[in-house]
Amino acid sequence: MFFGGATGLDTRWTVDGAPIDAAYTGGLALNLPLAFLDRVTIGQAGFGAGSLAGVGGVVDATLVGAAAATTGEVTAWLGAGRVAAWLPRGRDQYVPFRARAVGARDATVTGVVRGPIAGGAWYAAGLAPTLADGGVDREALRRRDADGDGNPDRDAAGRIIHDRVGATGRAALAYEAPWFARLGLDRGAHHLDLTAVGQVARTTRWLAAAEADAAGVDRDLVIASGSATWRGRWGATALRAQAAWFRSDRRETPHTAGGAASA
């Protein structure tokens, strides 16, 4: 999102008023599925008292909350795509190494449940795990010089002809599991809710030109945010007090899973 020239890194991101900005970039740190959300409020200009300083917009996501009766919803998504195409080469471009994603296979299950407890108390919780194929195909190439004149051969379109020297397939499993849990109490003019929200994820970044042992880097991400919010309203007067905690832990390690090599 861009607000008056400010990039997404300048935008303040919050969940029910609690910040979820990434400490290492300033941008959005936490991904939440739409099934978790009741609404999203976007402030394009100006900042509220709880937004501190900023130069961009403010995006606040409100999680689903109280319900008159116990309700639950489960959805599933299965995806299967074609193997990614190799990027086209330019007319005079020589590419000694290249890589492409193995496919677009993924599966997501999202579940949300909420309902009343007793005496004005309520609960809500959700989980949305995703498993995806994060593998890669890598190729090593050389320029063809069939006549041995020291100049690479070219095809009819004038592009340099490449011959494959070898290929390697590497497997990787990517996953992501956002979640949230809420407890609330509504009594008269007073409203109290305790919210915990977070995400665990793993992705693999591939380096096409690296040696096989260093070609993959696994990134593990653990994010958690907690908040306690009290709201009071008396006619045209409204008060809110909130205490929030946020932590984002990102670690990178070499990808050590084996792969099948072919000449």
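# Reading a predicted model

Modeller: E252 has a relative accessible area of 39% and counts as partly exposed. Bear in mind that the model is predicted.

Biologist: What does "partly exposed" stand for?

Modeller: Under 20% relative accessible area a residue is buried, over 50% it is exposed, and partly exposed is in between. R219, at 25%, is therefore partly exposed as well.

Biologist: How many salt bridges does a search of the whole structure find?

Modeller: The search finds 17 salt bridges. One of them is between the side chains of E139 and R164, at 3.3 Å from N to O. E139 belongs to strand β10 (residues 136-143) and R164 to strand β11 (residues 162-170), so the bridge ties together parts that are 25 residues apart in sequence.

Biologist: Is E139 buried or exposed?

Modeller: E139 counts as buried, because its relative accessibility is 11%. Another bridge joins the side chains of D163 and R144, at 2.8 Å from N to O. D163 is in strand β11, while R144 is in the loop between β10 and β11, so the two parts tied together are 19 residues apart in sequence. D163 is partly exposed at 22%, and R144 is partly exposed at 34%.

Biologist: Next topic, nonpolar residues. What do nonpolar side chains tend to do in soluble globular proteins?

Modeller: As a general idea, they tend to be buried together. In this structure the largest nonpolar core has 21 residues, and F36, L63 and F180 have the most contacts inside it. Two or more residues each come from β1 (12-15), β4 (58-63), β8 (121-127), β13 (190-206) and β14 (216-234). The strand that gives the most is β4, with three residues.

Biologist: Which residues does F180 touch, apart from those up to four places away in sequence?

Modeller: F180 touches F36, L63, V64, V112, A124, A125, G126, A196 and V197. There is also a second, separate core of five residues, which includes V136, A172, A210 and A215.

Biologist: In which strand is T62, and what does T62 touch?

Modeller: T62 is in strand β4. Residues up to four places away in sequence aside, T62 touches D16, F36, L37, D38 and R39. Its relative accessibility is 11%, so T62 counts as buried.

Biologist: In what order do the strands of the open sheet with β4 come?

Modeller: Four strands form that open sheet, in the order β2-β1-β4-β3, with mixed pairing. At the edges are β2 (18-19) and β3 (37-43), each of which pairs on one side only. Between β3 and β4 the pairing is antiparallel, over six bridges. To follow it by eye, find T41, which stands opposite D60 in β4.

Biologist: How is a pair of aromatic rings described?

Modeller: By two values, the distance of the centres and the angle of the planes. This structure holds two aromatic pairs. In the pair of W230 and W234, the ring centres are 6.3 Å apart and the planes are at 45 degrees, so the pair is tilted. W230 is partly exposed, at 28%, and W234 is partly exposed, at 40%.

Biologist: Where is W234, and which residues is W234 in contact with?

Modeller: W234 is in strand β14. Neighbours within four places in sequence aside, its contacts are A189, H190 and L239. W234 and H190 are 44 residues apart along the chain, and their C-alpha atoms are separated by 9.3 Å.

Biologist: Which charged ends sit over the rings of W86 and Y94?

Modeller: Over the ring of W86 sits the charged end of R98, 4.2 Å from the ring centre. Over the ring of Y94 sits the charged end of R143, 4.7 Å from the centre.

Biologist: How far apart are V113 and A210 in sequence and in space?

Modeller: They are 97 residues apart in sequence, and 46 Å apart in space from C-alpha to C-alpha. V113 is in strand β7 (residues 106-116). Neighbours within four places in sequence aside, V113 is in contact with T71, G72, Y123, A124 and A125.

Key:
Residues are numbered from 1 along each chain as its sequence is written. This is a predicted model: local features need pLDDT of at least 70, side-chain atom pairs count only at pLDDT 80 or more; totals for chains, interfaces and linings use all residues. Side-chain values use heavy atoms; hydrogens and water are left out. A nonpolar core is a set of buried Ala, Val, Leu, Ile, Met, Phe, Trp, Tyr and Cys residues joined through side-chain atoms within 4.5 Å. Buried means under 20% relative accessible area, exposed over 50%, partly exposed in between (1.4 Å probe, protein chains only). Contact means heavy atoms within 4.5 Å. Rings of Phe, Tyr and Trp (its six-membered ring) pair if their centres lie within 6.5 Å; planes under 30 degrees apart count as stacked, over 60 as edge-to-face and the rest as tilted. A charge sits over a ring if NZ of Lys or CZ of Arg is within 6 Å of the ring centre and within 35 degrees of the ring normal. Two strands pair if DSSP finds at least two bridges between them. A salt bridge is a side-chain nitrogen of Lys or Arg within 4 Å of a carboxyl oxygen of Asp or Glu.
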